[in-house]
Amino acid sequence: MDSSRSAQRAVIHFLRSEGEHASQIYRSMKEVYGEQCLARCTIFRWCQRYEAGRVNIKDLPGPGHAHVVTNSATISAVDELIRQNLRITTREIAVELSISKGTVRHRIHKKLGYGKVCAQWCPSICQRIRRRREWVFA
């Protein structure tokens with residue numbers, strides 16, 4: 001038996017459309033799903049949503065951490081902007097591409113391997129070489 005949340009929501013939606021009350025839906029689902037059953041308050045909440053006219057069983061995006069897909073198009077766009085202007089800021093890139101500053105920082109540092117040296121972006125290999133030279137001359 002598929003005990004995923006979306007499967008259980010589909011069952012709630014079906015039983016609610018058949019005219020079952022939330023308490024009866026909870027009892028029926030508790031018998032079938034056992035420990036994997038959604039909480040009673042969750043089942044009641046979904047029943048209210050379906051009564052209000054909701055038809056989608058999936059969660060709506062809520063506040064919090066936005067889901068951002070890292071794709072090659074945005075990574076290459078960030079890389080192109082940096083190559084055009086080595087002194088560009090993360091804020092300017094974020095405004096240009098309409099993505100958050102945190103996403104820009106992640107793409108620059110983790111995906112592309114750039115870092116700031118003397119207010120200019122450079123690949124991290126350059127930073128390591130520069131640190132070694134400073135260490136040798138110190």
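Predicted model: local features only at pLDDT ≥ 70, side-chain atom pairs only at ≥ 80, totals over all residues.
1. Aspartate 79. This residue belongs to helix α4, which covers residues 72-84. Its relative accessible area is 16%, so aspartate 79 is classed as buried, the limit for that class being under 20%. When neighbours within four places in sequence are set aside, aspartate 79 is in contact with Leu112 and Tyr114.

2. Asparagine 85 is found in the loop that joins α4 and α5. Asparagine 85 counts as partly exposed because its relative accessibility is 35%, a value that falls between the limits of 20% and 50%.

3. Asparagine 85, surroundings. The side chain of asparagine 85 reaches the backbone nitrogen of arginine 87 at a distance of 3.0 Å.

4. Serine 98, position and exposure. Serine 98 sits in the loop between α5 (90-97) and α6 (101-111). With a relative accessible area of 66%, serine 98 is therefore exposed, since that class requires over 50%.

5. Serine 98, backbone. The phi angle of serine 98 is near 60°, which is a positive value in a residue other than glycine.

Note on methods
Residues numbered from 1 in each chain as written. Heavy atoms only, no water. Helix = DSSP H or I, 4+ residues; strand = E, 2+ residues; numbered from the N terminus. Buried < 20%, exposed > 50% of the residue type's maximum accessible area, 1.4 Å probe, protein only. Contact = heavy atoms within 4.5 Å. Polar contact = N/O pair within 3.5 Å; in protein donor to acceptor, adjacent residues only side chain to side chain.
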